[in-house]
Amino acid sequence: MKQAIAVIGIDCCFPGVSGPRQYWRMLLEGRVHNFVSRSSVDSSKEHERCKHGEATLDDADLFNPEYFGISSNEAALMDPQQRLILMSAWRAIEDSSHSPRRMSGTRTGVYVGLMSSEWTAWHTCHPEFVSTLSGSGSGFCMVANRVSYCLNFTGPSLAIDTACSSSLTALHYAYRDLQAGECDYALVGGVNLLLGEGLGAFYHAAGLSSAKGMCRPFSSEADGISRSEGVATVFLRRFDDALAENDPIYCRILGSAVNHNGRSNGITAPNRWAQVRVMEDAYKMAGIDPGDVAFLEAHGTGTRLGDLIELNALSDVHNEKTRSHSLPISSVKGNFGHAEGAAGIAGFIKAALTVSNRVLPPVPCAEDEIFSLGATKSFLEIPKYPKKFSEDKVIGSVSSFGLGGSNVHIVVAGYNDFGIKSSRPIPRTEIYVISAPSEAGLRETIAKEASLLARSSSGTSDLGWTSQCTDAGWQYRCAVAGKTNREIAGKLTDRANDPGSIKVGNLQSSNIAFMLPGQGDEYEGMAAQLCDEWPIFAEHHRMALQALDKASQGMELTDPDSTWPTQSSLFALEYALGSSLMDAGIIPALFFGHSLGEIAAAVLAKLIDLDVAASIVAKRSVYMDRAPADGAMLAVHASYDAVSAYLEDIQGVSFAAYNALSQVVLSGDREAVCDIENRLKTAGIRSTLLRTHRAFHSLHMTQAASDLLESLSDIDTKEEQVSSDFSSILLSTVNGMAVTGKLPLSHWSDQLVKPVVFKDVVKLASDMSITHFLEIGPRSTLSTLVKKIDPSATTVNFSEQGKISMDSLQSGIARLYEMGVMPNWELFARGRRAVRLHGTRSDFLPLQHYPLQRFVTHAEALVDTNRGNQCQGEVGQQEKAETFFANSMPVITDERKDFETESVAIDKAEYSAAEVSEILVSCLKSSSPIPMENIGSNVLISEELGLDSVALMYLKELLAERIPELGDIVFVELLPHLTTVGECANYLAERLRKNNESLSLRGVADV
């Protein structure tokens, strides 16, 4: 038996239901969708027979092209089945707790089953409406390829048409390709829209349509097919891989098989013996016996002949010889009809939810007289009520047969995993994130999710983690932190109503600096909570403490006023916090530290290793403790010039730090420092005497600096191998310069005596394009100083009310996310995984509700033109068709008309450079999938406006139509100039000039 395949994500939309939870509820309740026609029914009986009994999707015309990098014009010309499968694929991936955008570039296969091609047929029948965008918008192959292209998947991409069995056959090939290693993930979908009436007319002519307009599988009252729309997608992965990464799993696929009837009793007729063989082959592949199957989701179209043949085939396989108890059978077609190309996946999802919940839904209109159809007596039964299974892992199977003779059977089994619940008894702050490609889209999404969160009974921890896993990381972002769903919902509501609350996440690593504070910010137990609740921090903290313990062996550290306890604990916290943030993907462009913080900054910048840094901290503390204890330090809230005036006649005091424009620190003899304090007080200048008996960064440290330099001589400070994933630049607060290589040992001795030039370093960082300063410490001291130096700078710290905790850390991370950072959320999750939120286990919260636009999908004019008035019952089909087609692409039609109207007033042979540029910008707005109000001359056409090859060809068509004087534009000649808007406009203007000169010369020659 080969490796099982796991179903880790599901999305579906069928008549009357949207999403797995609504679908499951419909099945459990045994509801039958109200079969109605989308269009009005003509009085003609013939037409009424064509239209009767359709079950249609609500809002099948809704789509948001922004999410897939598609322009509105291109979306309008796409087969609406492409639009539906794109959205369904996106939601299925999200349902698996993966982010669709972060799946980009993976070996994900796409397999789509469908059998309806009215949209393509319509375009090929009306070539006068065909454009560049029409080609990529039509055709079966493009339905699957569109998903692979838009989501950047590199696995196999197949559209499969085996008629009614298409989507289940697609599942079979995805299952095989995953086992063979052709791909690592697989999206399998089915889609069906009733755009025309040709197939319905065929069903009627062949006697397959239900006169009552209902599918009644295996019923004595079954009289044929009723058609249905639908779209559904499942997301698959090899079971061992899903288990290893703890993906939420619905069920497993154990085996599958496909075959064909061969030449039998008609190409459109089912074959009993072929159906028997495909079931036996699937069970053999799965390594099970027929008696192991707890239920079977049958094809069950509701035609008397088809149901009879299928019942007999089932009885041949499942009987008293192979089973000890009866086999419940059902067919989802009884709930909403025959979804044709999407029918197989509809039955499979029903089976997946059945084994997952261990409950088999009832069959609508189930009857006792199942065998009145003429089937032989067997161990088959149709459940009238929900049937609960006692087995831990239920096995079921699914059949689907195609018009034309294709058969497929799939075996599924449950997986006894009901999600990993958070066991932490005390709630902590969790981050809930939402993003969108536009501000309007984000506001709408925030409002919807706030409403859902307020009603959800699932834990905040689970929902926060799930939002992080599925987030697409769009540019417009919102992140709120809270301990309860209600708190998060309230904050989201406030954001939705606040015009200035939406953030644009454009922060780059090159704009971030880490700054690390010195002694004075520490407090007892400051790292305790982070060690308890953040494993990656605890590991880095443990490594720092080990290095410090090793470095302090044999050293005299008994002084009760020793700096060692405070400096070693602060160093350990800063190293652990900085290292953990970088592990989480928050990589700065440069580092700098204040006094002691510079040692930790040098380690994070990989200019010295951890053991060397620990040795410097230990020896530094010993020699600092030996310095005279008659020193003092004074923080003064005044400028250097203002304070200097008070030092002119006082000896033994010097500047220890230049912290801000109006904040300095003095250090020296205690008596002299106290004298200065009194003078400043008399002058009305505020100052604060620091809690220390030693004068750091002054001449008091001269002997300590000498001893430190001598003791460091045995340390090997060879240049470390610099990591290539970030620029390891240290801005030294000793000399105010950038350091990128080896630090001399004298740097650390100089640091004890020389003043800290913090102000100069912040200015230098700003000059180096640093806009965001992250304080890597337990308080917000340096953040306050930075804002005084550069009010335009953005600071982020990880403390609240003067202390650092997991709650304050989460709040800081939320701010960074909104600014544009995409953290490795898993490092903040403490091993949690998203809980499966489906079925009856808990409230289902469909994350990321996207605002949608409306596009035309259906019209009375979209009919089989060969049948004409015979089916439609009225004249003027061509006129209605043209009206329909024009309405399907309003942007293209309206803009072209406006241009032609405005062009009448000007000489077509003469265009100014400004006019050419204006026309080009207008064409770009019609072609680009990225809405941009102001398109300047430096905007990159492909990179910033997102124009791919198809969109560029469409741009060429628009330009040729709007400026006919350009002549026949050859794409390969235009392509080199499609860089910036300005260059392209210059090329077009030059081409027009040359064409005009050529026309003038020809005119002279003619004369």
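User: Hi! Is F68 buried or exposed?

Analyst: F68 is buried, with a relative accessible area of 8%. Buried here means under 20% relative accessible area, exposed over 50% and partly exposed in between, with a 1.4 Å probe and protein chains only. This is a predicted model, where local features need pLDDT of at least 70 and side-chain atom pairs count only at pLDDT 80 or more, while totals for chains, interfaces and linings use all residues. Residues are numbered from 1 along each chain as its sequence is written, and side-chain values use heavy atoms, leaving out hydrogens and water.

User: How many aromatic pairs turn up in the whole structure?

Analyst: The search finds 22. One of them joins F63 and F68: the ring centres are 5.5 Å apart and the planes are at 5 degrees, so this pair is stacked. Rings of Phe, Tyr and Trp (its six-membered ring) pair if their centres lie within 6.5 Å; planes under 30 degrees apart count as stacked, over 60 as edge-to-face and the rest as tilted. F63 is buried too, at a relative accessible area of 0%.

User: Nice. Which cluster do ring pairs link F63 into?

Analyst: F63, Y67, F68, W90 and W474 are linked into a cluster by ring pairs.

User: What lies over the face of W474?

Analyst: R101 does, at 3.9 Å from the ring centre. For a charge to sit over a ring, NZ of Lys or CZ of Arg must be within 6 Å of the ring centre and within 35 degrees of the ring normal. R477 likewise lies over the face of Y817, at 4.6 Å from the ring centre.

User: Switching to strands: what order does the open sheet of three strands have?

Analyst: The order is 16-17-18, with antiparallel pairing. Strand 16 (430-436) and strand 18 (503-504) are at the edges with a single partner strand each, so one side of each has no neighbour in the sheet. Helices (H or I, at least four residues) and strands (E, at least two) are DSSP runs, numbered from the N terminus, and two strands pair if DSSP finds at least two bridges between them.

User: How many bridges do strand 16 and strand 17 pair over?

Analyst: Seven, with strand 17 covering residues 476-482. E430 stands opposite G482 in strand 17.

User: And which helix packs on the sheet, touching strand 16 and strand 17?

Analyst: Helix 17 (residues 485-497), whose direction makes about 145 degrees with that of strand 17. Contact means heavy atoms within 4.5 Å. Axes are lines fitted to C-alpha atoms, for helices over the stretch in contact, and angles run from 0 to 180 degrees between N-to-C directions.
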